[in-house]
Amino acid sequence: MDRGDLTNLTAFVAVADQRSFRAAASRIGVTPSALSHSMRQLEERLGMRLLHRTTRSVSLTDAGLRLLERLRPAIDQIAGALEDLNQERQRPMGRLRIYAIQLAAAAVVAPFWERFLSTYPEVHLELALGEAPIDIVAKGFDAGIGPRDRVPADMIAVRVMGPMKIAVVGAPSYFARRRRPRTPDELAGHSCIQYRRAADGVTSSRDAAARKLR
């Protein structure tokens, strides 16, 4: 069954309910002539007459009655499913999956998740942390938070935080023995607690968000 079949079957149920092409057309938002054409297409596809038509009235054939009895529960289920989705739009619910690097999770998600979950108690927040760039769509995530340079060209990127400052910190006793670094390159000559990026396994003193010298 293709999309056109579903449209025609929905239109058939509307005609059966209203017993009028004009009233049914008004209900589903099409012209009476377009609705009549849809019914002819459906009958031709099935190879049997579903409706008796006159200029003043419409009634169901025996085949039309049997089809209506089978269709109505399915159409009602579809209508119910669409209404449920509309209710979810007014009241968010379900699972929200987010993939984020640890720094982004701490800076963006953590400060707001208590307020978010109290505002939307029917939302189940699932937060996965990792440093490796992944295909968030293929992995089933709703959103990802990380560096902009990792965003594929065909995805929408929205800034969620402002610029961050990177701080190099160390104990006074350490700097009493060693000259303080003036450029990031000078960190290579210091004893650093370095941050290893899981994406490629490379340790770089310049890639750290924060460093502590000992």
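A residue is called buried when its relative accessible area is under 20%, exposed when that area is over 50%, and partly exposed in between, with a 1.4 Å probe and protein chains only. The structure described here is a predicted model, in which local features need pLDDT of at least 70 and side-chain atom pairs count only at pLDDT 80 or more, while totals for chains, interfaces and linings use all residues. Residues are numbered from 1 along each chain as its sequence is written, and side-chain values use heavy atoms, with hydrogens and water left out.

The structure holds seven salt bridges, a salt bridge being a side-chain nitrogen of Lys or Arg within 4 Å of a carboxyl oxygen of Asp or Glu. One of them joins the side chains of R179 and E186, at 4.0 Å from N to O; of these two partners, R179 is exposed, with a relative accessible area of 58%, whereas E186, at 26% relative accessibility, counts as partly exposed.

Salt bridges that share partners also join D17, R27 and R72 into one network. On one side, the side chains of R27 and D17 meet at 3.3 Å, N to O, and this pair links distant parts of the chain, with R27 in helix α2 (residues 21-28) and D17 in helix α1 (residues 3-18), ten residues apart. Helices here are DSSP runs of H or I with at least four residues, numbered from the N terminus.

A nonpolar surface patch of about 360 Å² is made by L6, I78, L82 and L85, where patches consist of residues with over 30% relative accessible area and no salt bridge, nonpolar side chains (Val, Leu, Ile, Met, Phe, Trp, Tyr) being joined within 5 Å and like charges within 9 Å. Accessible areas come from the Shrake-Rupley method with a 1.4 Å probe, and for residues only the protein chains shown count as cover. The largest share of this nonpolar patch, three residues, comes from α4. I78 is found in helix α4, and at 39% relative accessibility I78 counts as partly exposed.

Note on methods:
Helix = DSSP H or I, 4+ residues; strand = E, 2+ residues; numbered from the N terminus.
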